[in-house]
Structure formats: structure tokens, C-alpha cells
Amino acid sequence: MSDLAKLIQQKIATCGPITFAWFMKQALYHPQWGYYTSPGTKIGRTGDFYTAPTVNPLFGTMLANQLYQMWGAADRPAQWVVAEYGPGTGILARDIVVALCQDHPDLYAILDYYLIDISDTLKEVQQQNLAAGEPGASHKFHWVDKLAEIGPGYIENGCVLANELVDAFPVHLVRQSAGELQELYVGLSGGKGDNTFTLLPGQLSTLELAEYFSSQNVQLEEGQRAEVNLQAREWLAEVTAHLQRGYLLIIDYGATSEELYAPFRYDGTLRCFHKHQLVDNPLINLGGQDITAHVNFSTLITWGEQLELRKRELVTQPQFLINLGILDVLKKQPDYIQNPEFTKITSAIKQLVLPGGMGDIFKVLVQEKAVS
Ligand SMILES: C[S@@+](CC[C@H](N)C(=O)[O-])C[C@H]1O[C@@H](n2cnc3c(N)ncnc32)[C@H](O)[C@@H]1O
């Protein structure tokens with residue numbers, strides 16, 4: 001049994017069953033043994049899952065185009081901050097800054113790029129990857145633990161960016177039972193000498209869970225299980241408290257409340273990944289597998305509005321990338337039949353845009369604050 005599993009067992013033995021959100025927080029972010037905080041490759045071919053930046057630098061090039069449009073729409077202020085939350089290995093930051101340097105030098109000249117990651121281990125990976133980046137780019141990067149550290153006035157003008165961050169926040173698990181909403185806690189199986197983890201129903205740990213569903217007009221089916229991401233609201237509050245003027249750009253897999261809690265999702269959307277395999281049990285391999293749940297874009301929009309963030313657009317990732325010119329990149333490839341780059345780019349575009357790849361479930365939400 002792993003040290004992390006023992007620690008959680010002891011906690012349950014002394015305090016009783018714990019919320020799934022607390023369990024998931026330990027599994028992913030325990031300072032020593034959490035999945036994201038411990039050493040080892042997580043993202044990309046030799047890790048457990050791919051993300052869009054690992055597919056091709058083209059994704060970063062498109063985001064650079066988007067940032068350039070935002071800067072223009074905000075009247076080209078003299079300083080522009082990009083703050084990326086959860087940058088993982090840092091390659092999206094690299095691709096964005098390299099593309100800005102090449103394609104939009106006027107924005108590149110006044111840009112500062114901040115990286116904010118909960119994992120010190122990944123922070124080191126980012127620092128290694130970005131130090132070795134394109135010449136001229138590394139001085140653009142800064143690391144902070146919180147937006148407040150950026151300085152007085154925080155982000156005066158800029159964009160906060162998060163790719164596959166919100167799906168990695170710990171979630172509460174709930175289930176509709178006998179007409180009532182119950183919370184599912186993590187406890188121990190309880191058999192003699194059996195210390196395996198199991199899900200146990202109980203009363204809601206916070207009334208926010210019931211309010212969450214009533215405010216979204218969602219009624220779960222009898223027996224239906226669902227996840228609730230309350231940390232997303234705290235995070236939005238932190239972002240809006242420090243972003244004075246600009247945009248929040250969230251890219252993630254997920255859906256609106258209506259789709260997310262529809263009866264066909266009877267078992268919810270909680271999933272784990274290990275070595276590119278889908279695992280349906282989050283209670284095993286603690287710290288050794290990723291745990292994730294689909295993002296509820298409806299609540300991000302509603303909570304955002306309560307915090308002065310206005311929804312600008314919610315589109316599918318294919319639509320977003322096509323609007324930014326991803327298909328035009330192909331036209332610009334010289335001599336495409338003999339160009340090996342052409343094949344690489346075609347297959348990356350397929351993966352990012354076509355159904356069957358990431359195009360199916362990924363969405364992009366753009367929210368704005370104080371920009372007309
Ligand atoms: C699924 S990975 C995505 C990595 C990267 N954005 C990509 O697309 O390849 C989630 C990232 O979010 C970070 N993370 C999770 N919770 C965070 C938080 N509260 N604040 C900052 N980073 C966080 C993790 O450490 C990890 O780097």
C-alpha cells in the first residue's frame with residue numbers, strides 16, 4: 001500500500017469518511033505524493049494523456065492570434081500581461097510566445113507572460129523547457145504562486161488563460177436517492193482486514209451543493225450520479241479580483257448544465273487516465289493516475305457574471321481554431337506534396353478539429369472584464 005493511501009486511511013480511521021473532493025485533492029495535489037506534485041512524466045506520449053499543446057505547436061500559434069485580437073480589441077494598451085494557470089510542461093507558453101515573436105512583434109515587445117502552477121515539480125519542468133526555448137523568449141516568462149504576486153494593480157490589461165485546468169480541480173460527488181440529493185464520501189470497506197476505499201452515501205457536506213443544482217434548474221434522475229466543481233467558483237473569484245481589464249480564456253472538455261446532467265450521463269463524467277488508458281476507478285492507484293471530470297460551462301458563465309465577467313463567447317474548439325485560421329496554415333505550406341511538415345500539420349489539425357479527436361468535447365469560453 002502506498003504512503004498516500006495509508007495517510008488517507010488514517011484520516012478516515014480517525015475522522016470518518018471524507019468528501020470525494022478532499023480525497024481527489026490529496027490524490028492529485030498532496031505536496032509529496034500527489035499525482036501532479038510528484039516527479040514523473042504526466043503529459044504527452046510517454047505520460048498518461050495528451051493535451052492540445054502536446055499535439056502540435058499550431059495550437060499555441062492559434063492562441064497567439066487570439067491574444068493579438070484581444071489586445072487589439074482592448075485598444076492596444078502599452079503593457080499586456082498573459083497569465084497562464086496550470087501550464088503543465090510549459091510548452092503552450094513557449095509556442096504562444098514564439099508565435100507572437102514571429103507573427104505579432106508589436107504585441108511581443110510589450111508582453112509579460114506569467115505562469116502559475118500548483119505543482120513545484122511541474123514548475124521545474126516549465127523552467128527547464130522555457131529556458132531552452134527560442135532565443136529572446138525566456139526573458140518574457142515569470143513564475144508566481146498567485147496573481148496577487150504580479151504587483152500593484154495586478155493585471156491592469158491582459159488575459160488569463162487556462163487549458164485543461166478546471167477539469168483537474170477536485171470535485172464533490174453526489175447522487176440522487178429516494179428523491180433526495182446525497183453526497184458520496186470515501187470510506188473504508190470495513191470487512192475484517194479490508195482497508196480498501198469505497199464510496200459511501202451521506203448527507204451533503206455543504207448546502208452549496210443543493211443550491212448548485214437548484215440555481216441551474218437541474219433535477220437528477222433517481223440513482224443518477226454527478227460531480228460538482230465548487231473550486232471553479234473560488235478560482236473565478238481569484239481571477240476577477242486581480243484582473244482589472246481584459247479577458248479570461250478557458251479551454252477544456254465539458255458541456256452546459258443541461259447536457260452535463262442529462263439522464264444519459266447516468267454515472268457522471270469522472271474519469272481517470274493511466275498510460276493513455278481510461279480507468280473507471282478513482283479509488284485505486286492513488287497518486288499514480290490522473291482524475292478528472294467534465295467542466296460545467298454554464299456555471300462558469302453564471303458565476304463569472306456575478307463577478308463582473310461578461311460572457312463573450314462559448315464555442316467548440318474546432319470552431320474556435322477555424323475562426324483563428326488553423327485551416328489557412330495548410331494553404332501556406334509550400335510544395336505540400338514533398339513537404340513532410342504538411343503531413344504532420346494535417347494530422348495535427350485532424351486531431352484538434354475533427355470529431356473523433358479532441359474536436360468532439362472541447363469547448364472554449366471567452367469572458368471579458370471592463371473592455372467594451
Ligand atoms: C491537465 S494538466 C494541463 C496542463 C497544460 N495546461 C496542458 O494543457 O498541457 C493540469 C495542470 O493544472 C495544474 N493545476 C491544478 N490545479 C491548479 C491550481 N489550483 N492552480 C494552478 N495550477 C493548477 C496542474 O499542476 C497541471 O499543471
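**Ligand site**

I looked up the ligand surroundings in this predicted model and found 20 residues around the ligand, the closest being Tyr29, Thr51, Gly86, Asp117 and Asn163. A residue counts as near if one of its heavy atoms lies within 4 Å of the molecule. By class, I have twelve nonpolar, six polar and two charged residues in this shell. Ala, Val, Leu, Ile, Met, Phe, Trp, Tyr, Cys and Pro count as nonpolar, Asp, Glu, Lys and Arg as charged, and the others, Gly among them, as polar.

Next I listed polar contacts (pairs of N or O atoms within 3.5 Å). Threonine 51 places a polar side-chain atom 2.6 Å from an oxygen atom of the ligand. For glycine 86 a polar backbone atom is 2.7 Å from a ligand nitrogen atom. In asparagine 163 a side-chain N or O atom is 2.7 Å from an oxygen atom of the ligand. The ligand on its own has 600 Å² of accessible area, and the protein covers 95% of that (Shrake-Rupley method, 1.4 Å probe).

**Numbering and limits**

Residue numbers start from 1 along each chain as its sequence is written. Local features need pLDDT of at least 70, side-chain atom pairs 80 or more, while totals for chains, interfaces and linings use all residues; side-chain values use heavy atoms, without hydrogens and water.

**Aromatic pairs**

I searched the whole structure and got 13 aromatic pairs (ring centres within 6.5 Å; planes under 30 degrees apart are stacked, over 60 edge-to-face, the rest tilted). I noted phenylalanine 23 with phenylalanine 197, edge-to-face at 5.6 Å centre to centre and 70° between the planes. Phenylalanine 23 is in helix α2 (residues 20-29) and phenylalanine 197 in strand β8 (residues 197-202), so the pair ties together parts 174 residues apart in sequence. Helices (H or I, at least four residues) and strands (E, at least two) are DSSP runs.

**Sheet**

I traced an open antiparallel sheet of three strands, ordered β12-β11-β13. Strands pair if DSSP finds at least two bridges between them. β12 (277-279) and β13 (290-292) are at the edges with a single partner strand each, so one side of each has no neighbour in the sheet. Three bridges join β11 (residues 271-274) to β12; cysteine 272 has valine 279 in β12 as its bridge partner.

Terms used. A polar contact is a pair of N or O atoms within 3.5 Å; within protein, one must be able to donate a hydrogen and the other to accept it, and residues adjacent in sequence count only if both atoms are side-chain atoms. Rings of Phe, Tyr and Trp (its six-membered ring) pair if their centres lie within 6.5 Å; planes under 30 degrees apart count as stacked, over 60 as edge-to-face and the rest as tilted.
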